[in-house]
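Subject: The structure I promised you

Hi there,

Here is the structure we talked about, followed by a short tour of what turned up in it. Have it open beside you as you read.

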Amino acid sequence: DLEVKEKEVAKFVCEISRENAKVRWFKDGVEVRKGKKYDIVAKGVERMLIIHKSSFDDEAEYVCDARTAKTSGLLTVLEEDAVFTKNLANADVTETDSIRLICEVSKPNADVRWYKGDTELPEIGQYEQLVDGRRRILIIQNTNPDNTGEYNCRLPTARTSCELKVHELAAEFISRPQNLEVVEGEKAEFVCSVSKETYEVKWLKGDKELKSDDKYEIISDGK
């Protein structure tokens with residue numbers, strides 16, 4: 001019996017008692033003829049059936065029949081390991097934009113897993129995983145600087161990786177402090193809003209930076 005992987009060459013070999021003896025080869029009872037798929041070779045007392053580019057359709061019982069005697073063997077074709085035919089490419093994206101990371105595999109039915117570093121990514125929230133024929137796609141929605149890093153797509157026996165860089169948006173004021181008039185002794189409150197909660201601002205009086213103390217209170221509340 002014989003085991004080969006998909007696309008490999010399968011070779012059945014048997015020996016007979018006389019060099020000039022003729023044999024016939026059969027696949028599940030149907031005679032095999034020499035052609036693009038099969039080579040039938042006689043070399044001394046050896047008789048060979050060579051099967052090119054083995055596929056699952058080639059799985060069968062093969063018989064070498066020398067009229068007065070016959071021998072047989074089973075061919076089993078093992079699934080070929082899927083590989084990456086197109087690797088991930090490094091990418092840059094601006095914060096809040098979405099990005100697609102794309103690779104291709106050799107088999108349309110190949111299962112992959114997506115990781116950031118060594119952490120497997122879920123198929124919820126910010127991340128969406130798509131299959132499009134042989135293409136495997138990871139979509140990252142509404143990117144932020146925390147998404148910067150190494151991403152990899154994995155098959156059981158292979159992987160491809162890339163670096164993603166997320167460029168942070170420049171700070172912007174949504175609203176600015178307004179001029180105030182207050183009566184001496186009263187509290188004056190200046191308010192502004194920024195585009196992101198994580199932005200830090202400085203308050204200045206003229207060119208002098210102000211700090212929280214008995215005179216000034218500096219508060220950060222959301223944006």
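The side chains of glutamate 209 and lysine 211 meet in a salt bridge, with N and O 3.0 Å apart. A salt bridge here is a side-chain nitrogen of Lys or Arg within 4 Å of a carboxyl oxygen of Asp or Glu. Glutamate 209 is partly exposed at 31% relative accessible area, and lysine 211 is exposed at 54%. For these words, buried means under 20% relative accessible area, exposed means over 50%, and partly exposed is in between (1.4 Å probe, protein chains only).

Salt bridges that share partners also join Glu6, Glu79 and Lys107 into one network.

Before going on, a word on the source: this is a predicted model, in which local features need pLDDT of at least 70 and side-chain atom pairs count only at pLDDT 80 or more, while totals for chains, interfaces and linings use all residues. Residues are numbered from 1 along each chain as its sequence is written, and side-chain values use heavy atoms, with hydrogens and water left out.

Back to the salt bridges. How many does a search of the whole structure find? The search gives twelve. One of them pairs glutamate 6 with lysine 107, where the closest N and O atoms are 2.5 Å apart. Glutamate 6 sits in the loop between β1 (2-5) and β2 (10-15), and lysine 107 in the loop between β11 (99-105) and β12 (113-116), so this pair ties together parts that are 101 residues apart in sequence. The strands named here are DSSP runs (E, at least two residues; helices are H or I, at least four), numbered from the N terminus. Both glutamate 6 and lysine 107 are buried.

Glutamate 31 and arginine 24 make another salt bridge, and their closest N and O atoms are 3.2 Å apart. Glutamate 31 is partly exposed, at 24% relative accessible area, and arginine 24 is partly exposed too, at 44%.

Now to the surface, where you can look for two patches. A patch is built from residues with over 30% relative accessible area and no salt bridge; like charges are joined within 9 Å, and nonpolar side chains (Val, Leu, Ile, Met, Phe, Trp, Tyr) within 5 Å. Accessible areas come from the Shrake-Rupley method with a 1.4 Å probe, and for residues only the protein chains shown count as cover.

Which residues gather in a patch of negative charge? They are Asp1, Glu3, Asp28 and Glu61. Asp and Glu count as negative and Lys and Arg as positive, with His and the chain ends not counted. The place of a charge is taken as NZ of Lys, CZ of Arg, CG of Asp or CD of Glu.

The nonpolar patch is formed by Leu180, Val182 and Phe190, which together have about 260 Å² of accessible area. Leucine 180 belongs to the loop between β18 (173-175) and β19 (193-194) and is partly exposed, at 42% relative accessibility.

On to the cysteines. With a disulfide taken as a pair of cysteine sulfur atoms within 2.5 Å, the count comes to zero. Cysteine 14 is in no disulfide, and the nearest cysteine sulfur, that of cysteine 64, is 3.2 Å away. Cysteine 14 is buried, at 13% relative accessible area, and cysteine 192 is buried as well, at 17%.

Finally, two loops to visit. In the loop between β7 (60-65) and β8 (70-78) you will find threonine 68, which is exposed at 80% relative accessibility. Its C-alpha is 9.9 Å from that of valine 23, although the two residues are 45 apart in sequence. Arginine 67 lies in the loop between β7 and β8 too, is exposed at 83%, and has a phi near 70°, a positive value in a residue other than glycine.

The loop between β15 (135-140) and β16 (149-155) holds asparagine 142, whose phi is also positive, near 45°. Asparagine 147 lies in the loop between β15 and β16 as well. Is asparagine 147 buried or exposed? At 4% relative accessibility, asparagine 147 is buried.

Enjoy looking around!

Best wishes
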